[in-house]
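Have the structure open while you read.

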Amino acid sequence: MSMIVPPRRVVVDGDACPVKAEIAAAVRLCGATALLVSSHAHVLNPEPSVEVVTVDASDQAADLYIANALKRGDILVTGDYGLAALGLAKGSSVLTPRGKLIRESDIEGLLEQRHFSARLRRGGVRTKGPRPFTDEDRSRFQQKLTALLRGMQEIPDT
């Protein structure tokens with residue numbers, strides 16, 4: 001007896017996401033849907049299988065919307081480690097736009113690193129920003145997202 005698995009959803013922190021086109025292609029390919037959340041400062045266009053939600057421009061509005069919308073089994077795409085921690089706590093898989101799958105075992109160290117860097121910046125120390133986004137990052141992301149979506153279609157939550 002086979003179990004019908006509902007279509008999966010990719011929830012995207014859309015403001016600074018460089019892989020929106022790849023997400024749209026992957027969800028259509030795998031029969032899933034995407035929810036892109038962004039502030040009014042970033043205009044995103046809905047397309048087949050991709051819902052767009054625009055929130056006000058306040059500092060954490062998109063993160064709060066996403067935190068409230070996430071469900072167990074969703075895939076969260078974000079580079080924000082605080083939001084990633086919330087996603088993991090809600091039972092979501094978390095993937096960065098560079099294609100790194102964030103696991104429970106990673107998050108504490110990532111949050112500590114973020115806190116340490118913020119303290120240095122507040123103290124006047126200049127820290128390096130992220131390295132430039134590459135085609136290799138884009139390709140790795142698309143491969144990981146597609147694998148997550150395909151794997152989730154075959155393996156129901158337990």
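Leaving aside its neighbours within four places in sequence, which residues is S39 in contact with?

## Starting at S39

Keep in mind that this is a predicted model. Once you set aside the neighbours within four places in sequence, the contacts of S39 are D15, T54, V55, D56 and A57. You'll find S39 itself in strand β2.

Is S39 buried or exposed? It's buried: its relative accessible area is 8%, and the cut-off for being buried is under 20%.

## The strand it sits in

Now zoom out to the whole of β2, which covers residues 33–39. Six of its seven residues are buried, so the rest of the structure largely encloses this strand.

Who are the partners of β2? One is strand β1 (residues 9–13), which runs parallel to β2 and is joined to it by five bridges. Look for V12, which stands opposite L36 in β2. To get from β1 to β2, the chain passes through helix α1 (residues 20–30), and this β-α-β crossover is right-handed.

Strand β3 (residues 50–55) is another partner: it pairs with β2 over six bridges, again in the parallel sense. Here the spot to check is L35, which has E51 of β3 opposite it.

## A helix with covered residues

Next up is helix α2, made of residues 61–69. Its buried residues are A61, A62, D63, I66, A67 and A69. A bit of helix geometry is handy here: an α-helix has 3.6 residues a turn, so residues three or four places apart point the same way.

What covers the buried residues of α2? The cover includes the strands β1, β2 and β3, along with β4 (75–77) and helix α3 (81–89).

## The whole protein

Reading from the N terminus, the order of elements is β-α-β-β-α-β-α-β-β-α-α.

Of the 158 residues in the protein, 39% are buried. Its exposed surface comes to about 9,500 Å², with carbon and sulfur atoms supplying 54% of that. And if you take the contacts between residues at least 6 apart in sequence, 52% of them join residues at least 24 apart.

Notes:
Residues are numbered from 1 along each chain as its sequence is written. This is a predicted model: local features need pLDDT of at least 70, side-chain atom pairs count only at pLDDT 80 or more; totals for chains, interfaces and linings use all residues. Side-chain values use heavy atoms; hydrogens and water are left out. Buried means under 20% relative accessible area, exposed over 50%, partly exposed in between (1.4 Å probe, protein chains only). Helices (H or I, at least four residues) and strands (E, at least two) are DSSP runs, numbered from the N terminus. Two strands pair if DSSP finds at least two bridges between them. A crossover is right-handed if, with the strands pointing away from the viewer, the path from the first strand over the helix to the second runs clockwise. Contact means heavy atoms within 4.5 Å. Accessible areas come from the Shrake-Rupley method with a 1.4 Å probe; for residues, only the protein chains shown count as cover.
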